Structure formats: structure tokens, C-alpha cells
Amino acid sequence: MSAKKVIIIGAGIAGLSAGCYLQMNGYETEIFELNNLPGGLCTSWKRKGYTFDGCIHSMGGLNPAYKQNRYWNELIDLNKMQFHYHAVLSQIEDEDGKMVAFHTDPEKLEQELLAIAPEDSAFIKAFVRDAYQLAQFDTQLSKPIELWSPFDYYFSQFRSAPYMRYLIKWGKSLTETVQECKSPLLRKVLDSDFFSHYPAYFLLFSIGHLHHRNAGYPIGGSLLLSKAIEEKYRALGGSIHYNARVTRINVEKGRAVGVTLENGETHTGADTVISAADGYDTIYRMLEGKYVNKKIEDLYSRHPMWPSAVLVSLGISRSMQAEPSQLELWLKEPLVVDERSTLSAITVTVYNFDPTLAEAGKTCVRVILKTDNYAFWRDLRAKDTKKYAQEKERVAKAVIEVLEKRFGNIKKHVEVVDVATPATFLRYTNNWKGSTEGWDWLPGLIPETIKKELPGLKGFYMIGQWTMPGGGIPTAQVAGRDIARILCHKDHKKF
């Protein structure tokens, strides 16, 4: 009996993971990827001797005490990789140069926060205590929730019961939670931009997992991780087609049977088609919006989503070893990103912790500038390439001015300037509106999700960041594992 064939759209972490697990379980798979490299958003790129990373701050699942560690080691050997473990999640610096270090060590963090807001000692002590209580909770499921039995639901209550009070206590948005603080400075320090997109407990989990060395940065960058999973997939016999944009998912008698590429090629004979690509493009273009329901329509018309960004990456010909690696700089004068986006703070990463990204004595620096004005950058690139280039240059110069004021001796050492905009994200990853994380996870314990199957369509599944708010590398990896388990269950195969 021949192996069942599965076509996978997208060679990001979710698509590669799905391909690996399906190959392990006796399926024949092919991946079609619009780009010429694996990884999707999990990528990095080289410019004149510098390697700029576009993705990972830290990836979870590095501590063997957590299930995610076993899942990673099913695809790659973590022991053969090097990781940097951040001692400071971020150093916040206000407009006057006052610094607050967000230590991952609980005692240091408590002391740091108490020093700036002694009037909030009760809040601070509860915050730090609960962060390290929550870090003991392994939130990763043993199997996809689609395969849960009534017994699984029953026993899950006992597994989560010891932590439920913490999840409920910190289940509001971070912005709403910090209103309890008396100190305006503490409120501002805690309500960091990245974590404001999640319930407050996400920040607590992050601190705790960093402390337990369950999260770290892979030395070598994001693309190195993606290529390691690609290598595993090829070793298992999988096939990847690069520069192969899928424009249509072919459906016969209500069942997905294959795909058509931009160049006109048609690939058929699939028992199952899995899209690990952009959700909007999959549902409304590849499938022409024929398989939707009210929930899907509401999500794509109303649900808040993660903003896009302008990434300014700099290659600097000086050592910055003495500088903090993660900075949130509050600005005296707002930085104008575009006609609708003005920032009072910017996030800076100084890659002095990864010696592989630049030659000795040189450093890569990345600045993330969020923007909801995706259409401005898309339209500008499409209609006026000269003005588009000028806008990129303007933003880069504004960033360099900020860094010159903060660090000094920057301007004359900038050797490479690389600016990625929302139009860049669209071009390379096809993500809807240039979003880098998909949906926002609104306050509450259970996020909005899209089912992996679409109404009225058989033989088809979706995985990736558009089916699970929060996005992230571990989530994508588990999504690929889960879909393989679901198919094995459906086909009565042992996973």
C-alpha cells in the first residue's frame, strides 16, 4: 500500500515541523515555499560581513524539565547548539537616562523594582513571587486538544488547579493590571510594548522561564535554527520546492486535492493539503473565500492583530561589549515612523552576545519600530520607489541620531544600514498587513482561535500563527507536531 501524500504550503517553522513529523510517520510530503529559503519569519540575512537577525529574542523549551524540550529534540539536537541566556529581559531607560534593569534573577528584580517604587512593595513582591510560581507550570499539552477525550478534560483540571489562581489574578491585560500600581514610573516600566499585546501573566511566564533557563537565544541566529529543521526534513526524505508561490488550492467534490503555482504548474494527487502559510491569503485568495463562517469573517474584519514593523539593522565597526544587550529607550522627542505612527520609545537589541554575527570588534544592532500603517509602506513601494527609498533613509537616520545620543561614537562607525518595512514582510513572507505575530491574544485565559479545518472543505488543514494567537517559534513547532498526530489518529496510525 502506497504512502498517503500530503502537500504543505509554506516552509516556515510550522510547515517544516509538520513535514518532519509526517515523514516520520510514513507519509509522503512536499513543501511549496514562495521564498528561496526556509523559516518564513524565522530568518536572518547577511549584508557585507554582518548577519542581521529578524526574529528570535529567545525561544522556549531549552530546559529538559519541560515537554517542549522533548519536542524540539525530536527535530534537532539541542545539545549541539549554543544558546545565550539573557540575565536581563530588558533595560528600560527614561528620557533623563534613569535606568531600570528587568533582571531574570528574582531577587535582583525585586530589589530593582523596590528601589524605584517602594510604595508598591506589596504589588512588586506578589509580581515576583507569582512569576516564579507560574514558571513551574508546564503549559504545553501532551496531545492536541482536538484529540482530547472527556478524561483528558477531567484530568487537566487537576494539572492546572495549583496555578489557576495565578492565571486568574494576572489574566487582565498588562495595561489594565499595572493601574494597581501607585508609582507612575513603575506603571510605565511594567507596561512594556511587547507584552502589552498579551494578558499580564505572559510577562510573568517569560521572566520565570528565562530564570529557569528554559528560554534562550540560539547562537548563530534565527536562520540557523530554520536550516537545522530543514536539514532534518530532507534527511527524512521530504521534498521542498523553493520560489514556488501557491496561488490556488485545487478542490474537487468538496475535497482539497492539490495546488496550482504562480507559474501555472499544477500539483495534484494529495490526500491532504496543509496550509502553513498566511491565513488571509489561504482563505480568501487560494480558496477564494468559499469556506468561511461568521467567526472567520469576524476575525478578519474586527479582531485586533499584531502590528507590523520597520526594522532598522545596523552594522557598526566598534565593539559594544560593555553595553546592555536589550534596551527600551524612552525618547525626549517622538520618533516619526510614518504619517500615522509616532513612537515615544524604541526597542534596541545590541547583539554583543553572539560573536558569530559580525567580525571581532564589530557589532550588529537592531531597532524595532512598530507601525499599524501597513498600507502606507505597501503603497509607497508600489507607486514611488524613489520616495520609498527616501523614507527608509529618513527613518534610519532618525534611529542613528537616537543611538548617537545614547551610546556616542556611533555615526562614524556605521558600515551597513538595512531597513525592512511592512512592504518587505509582505514581499518575503506574504503575511497579511505585514503582521509579524498574527492575532493579538486578548485578555482572558482562553484566546480566540481558528479551527484547523475550514467549514465545508475536506482533506484540508491550516496551521501556524493565524490559527493560534500569540504566535512564536515554539507554538509553530508544536502546531506541526499536532497536525501530524491528528492525521495519524484519522488514519488509524500509531504516532
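Two rings of Phe, Tyr or Trp count as an aromatic pair when their centres lie within 6.5 Å, with the six-membered ring used for Trp. By that rule, a search of this whole predicted model finds 28 aromatic pairs. Let's look at two of them.

Start with Tyr 21 and Phe 495. Their ring centres are 6.1 Å apart and their planes meet at 35 degrees, so this pair is tilted. Tyr 21 belongs to helix 1 (residues 13-24), while Phe 495 is in the segment after helix 15 (473-490), so the pair ties together parts that are 474 residues apart in sequence. What is the relative accessible area of Tyr 21? The value is 2%, and Tyr 21 is therefore buried. Phe 495, with 33% relative accessibility, is partly exposed.

Next come Trp 377 and Tyr 388, an edge-to-face pair with 6.3 Å from centre to centre and 75 degrees between the planes. Trp 377 sits in helix 12 (residues 374-383) and Tyr 388 in helix 13 (residues 385-407), 11 residues apart. Trp 377 is buried at 0% relative accessible area, and Tyr 388 is buried at 7%.

Aromatic rings can also gather in a group: Tyr 280, Tyr 284, Tyr 300, Trp 432, Trp 439 and Trp 466 form one aromatic cluster.

Methods. Residues numbered from 1 in each chain as written. Predicted model: local features only at pLDDT ≥ 70, side-chain atom pairs only at ≥ 80, totals over all residues. Heavy atoms only, no water. Phe/Tyr/Trp six-rings, centres within 6.5 Å; stacked < 30°, edge-to-face > 60°. Helix = DSSP H or I, 4+ residues; strand = E, 2+ residues; numbered from the N terminus. Buried < 20%, exposed > 50% of the residue type's maximum accessible area, 1.4 Å probe, protein only.
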